[in-house]
Amino acid sequence: MNREEARLELDATTLRPQDASPEARAMAESDPELGAWLKQRTAFDEQVAGAFAASIPAGLRESILQNARRPAKRSYRWILPTLAAAAAAVVAGWTILWPVSNSMPGWQADSLAAVTKVEYGISKVDHMSRDFEAIKKMLVADDSPTPVRLPSKVGTMNVLACKRIQIAGRTASIICFEIQPGKEAHLVVMDNTGLTDLPPQLRPQFKSSKKWNMASWSDGSQTFLLATTADEAVLKKLFGLA
């Protein structure tokens, strides 16, 4: 079993780790990067599964149990296909939504995972405000980093909210902006001391994953990731490149 085969197996069993083979589990334990990815993916799947469970209509469990007590020929005809379809839909949904790749540096994977949770409402923001200066003061009060400097057009987007997060074992911040009507862009700000595989200074690197477009750059001791589901051209325009 190679690393990619182990990742695919672990990806399919995050909510039932006992189903993963001993070889895949051992590889996750011995490979720090694979282990970090599995931890992030498992946390995301558990949170999404919790949100999914919370959205189940009241009385559905009782209805299923009531029908399960009826003769098998009558109940299993619809119970089993319905449950199988629901399970398949959940698995397919997670695969479609999850943009993190184990090829990403750890700080970038952590950042995109945190942004994804905020985008889909799995993780709540800490503060909401339309005033950028107020947002920065809230982050300072939370002992969270604020951007020392931003590309001019990034800082002029309408601000929406902010959140304190943990990235690569350190405190970081997410600042949510409106990049265009109906679309958000999430800026992750962190101190980059001791981090590896950092983007270059003052020169954004662009990357796409699933429905997400990202720009990453460093500025002195700070590193940034700006992620959005808006078109790449819209993102690049913030940096004067489109």
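1. A charge is taken to sit over a ring if NZ of Lys or CZ of Arg is within 6 Å of the ring centre and within 35 degrees of the ring normal. By this criterion, the charged end of Lys-236 sits over the ring of Phe-206, 5.3 Å from its centre. The charged end of Lys-136 likewise sits over the ring of Phe-132, at 4.9 Å from the centre.

2. The model is predicted: local features need pLDDT of at least 70, side-chain atom pairs count only at pLDDT 80 or more, and totals for chains, interfaces and linings use all residues. Residues are numbered from 1 along each chain as its sequence is written, and side-chain values use heavy atoms, with hydrogens and water left out.

3. The structure holds four aromatic pairs (rings of Phe, Tyr and Trp, the last by its six-membered ring, with centres within 6.5 Å; planes under 30 degrees apart count as stacked, over 60 as edge-to-face and the rest as tilted). One of them, Phe-206 with Phe-239, is edge-to-face, at 5.7 Å centre to centre and 85° between the planes. Because Phe-206 lies in strand E5 (residues 205-209) and Phe-239 in the segment after helix H9 (232-237), this pair ties together parts that are 33 residues apart in sequence. Helices (H or I, at least four residues) and strands (E, at least two) are DSSP runs, numbered from the N terminus.

4. Trp-217 and Phe-224 form a stacked pair, 5.1 Å centre to centre with 15° between the planes. Phe-206, Trp-217, Phe-224 and Phe-239 form one aromatic cluster.

5. Buried means under 20% relative accessible area, exposed over 50%, and partly exposed in between (1.4 Å probe, protein chains only). Phe-224 is buried at 0%, Trp-217 is buried at 3% and Phe-239 is buried at 16%, whereas Phe-206 is partly exposed at 25%.
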